[in-house]
Amino acid sequence: MRRSMLALSTCLGLLAAPVVADAPEDGAEVVSCNGCEALLELAAATPARKDDRARDVYRHPVETLKFMGVAPDMKVGEYAPGGGWYSRMLAPYLAEEGHLTGLYFNPDVVPFDGSKLAESAAAFPGKVVEWTGVDPDSVSGMTLKDIPDAEKGSYDRIVLFRMLHNMMNWNIADAEVKAMRTLLKDDGLLGVVQHRAKADAPFSYTNGSKGYLRQADVVRLMELNGFELVASSEINANPKDPANWEGGVWTLPPQFALKEQDKAKYAAIGESDRMTLLFRKRD
C-alpha cells in the first residue's frame, strides 16, 4: 500500500505540500494542500474503506481533509477515533511520510469509568494495522493524560469529528481542547466537524445533550482556549436537516434511533447539518 501510493504520486508529479490559499474576507490565511486531493482520493478508495464509503456522500472526507490542509507528511492526531471511520482513510494517507495518533480522552476528566482508556489507546495501532495493513511504526495511540514532553508541540494537525457535543455535555471540553493545544506546533491547526444547531436554538437544545451545537458557541469555546478561527466551510452542510429533533441528532442516519418508525423519511434527509471549521493555535 505504501509503495503503491508513493509510486502513483511520483508518476503524477504531485507535490502534496501545504500552501497558502486565497485569504477569506476577514483577511486570515487559509492553509490548503497542493496536490493532496489525488492522494486523498487514493486513500478514500482503499479496500479497507469498502464498508465506509456509503457515508462519503454525507461526510465528504476528501474535501474535508483537503480543507483542513492535511498533507501526507504531517503528524496528525485524531481525537476520539471510535470505530475508525476516519482512521481507515488517514492511516494509508499518512503511512509513507507522516504519522497518525489516536488521541483518547483523559481518563481523569470523563464522567464515566475511564480505566480502560489507556488500554484502548495502546490497542489503537494494532487495530489500524489490522484494518489497513500500514506499517505499525506510522501509527500510535495515547490518552490526553500526562502528555509526554516529546509529544508537546509536535503535531501539525488535530482533527475532531462529531465529538464536541459529548465533550460539552460531559463538561470536559475546556480541559480536552487545552490538552490538544499543548500537542500542536506553534502554527498547528485544529479542524472541527460538528452537528450544527440553528443560530437561535435554546441552550436546552444546544448544551450537547441533543448532539447539536451552535456554531457561534463552538467558535467562542475555541477562542477561550487559545485558538482563532481561520476558515469555515459548508462542505458538510445539509439544509434538509431542521436540527430540531426531539430525540436529537441520533434520529437521523446512520443511528436511526427510532428504528423503523419513519425510517424512509429520515433516510431521505440524510445525515445531520454540520459545521466545518478550521482553527489556528494562537499565542
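1. Arg 88 and Asp 52 form a salt bridge, with 2.7 Å between the closest N and O atoms; a salt bridge here is a side-chain nitrogen of Lys or Arg within 4 Å of a carboxyl oxygen of Asp or Glu. The pair links distant parts of the chain, 36 residues apart: Arg 88 is in helix α5 (residues 87–94) and Asp 52 in the loop between α2 (36–44) and α3 (56–59). Helices (H or I, at least four residues) and strands (E, at least two) are DSSP runs numbered from the N terminus. Arg 88 is buried at 12% relative accessible area, and Asp 52 is buried at 6%. Buried means under 20% relative accessible area, exposed over 50% and partly exposed in between (1.4 Å probe, protein chains only).

2. The model is predicted: local features need pLDDT of at least 70, side-chain atom pairs count only at pLDDT 80 or more, and totals for chains, interfaces and linings use all residues. Residues are numbered from 1 along each chain as its sequence is written, and side-chain values use heavy atoms, leaving out hydrogens and water.

3. Glu 271 forms a salt bridge with Arg 55, the closest N and O atoms being 2.3 Å apart. Glu 271 lies in the loop between α11 (263–269) and β9, and Arg 55 in the loop between α2 and α3, so this pair ties together parts 216 residues apart in sequence. Glu 271 counts as buried, at 1% relative accessibility. A network of salt bridges links Arg 55, Arg 59, Glu 271 and Arg 274.

4. Arg 49 and Asp 56 also meet through their side chains in a salt bridge (2.7 Å, N to O). Both Arg 49 and Asp 56 are buried. The count of salt bridges by this rule comes to 16.

5. In helix α10 (residues 215–224), the buried residues are Val 218, Val 219, Leu 221 and Met 222. They lie on the same side of α10 because they cover an arc of only 160° around the axis, the arc being that of the directions from the helix axis to the C-beta atoms. Ala 216 and Leu 224, on the other side of α10, are exposed.

6. Asp 186, Asp 187, Glu 228 and Asp 283 form a negative surface patch. Patch residues have over 30% relative accessible area and no salt bridge, with like charges joined within 9 Å and nonpolar side chains (Val, Leu, Ile, Met, Phe, Trp, Tyr) within 5 Å. Asp 283 lies in the segment after β9 (274–281) and counts as exposed at 89% relative accessibility.

Conventions
Accessible areas come from the Shrake-Rupley method with a 1.4 Å probe; for residues, only the protein chains shown count as cover. Lys and Arg count as positive and Asp and Glu as negative; His and the chain ends are not counted. The place of a charge is taken as NZ of Lys, CZ of Arg, CG of Asp or CD of Glu.
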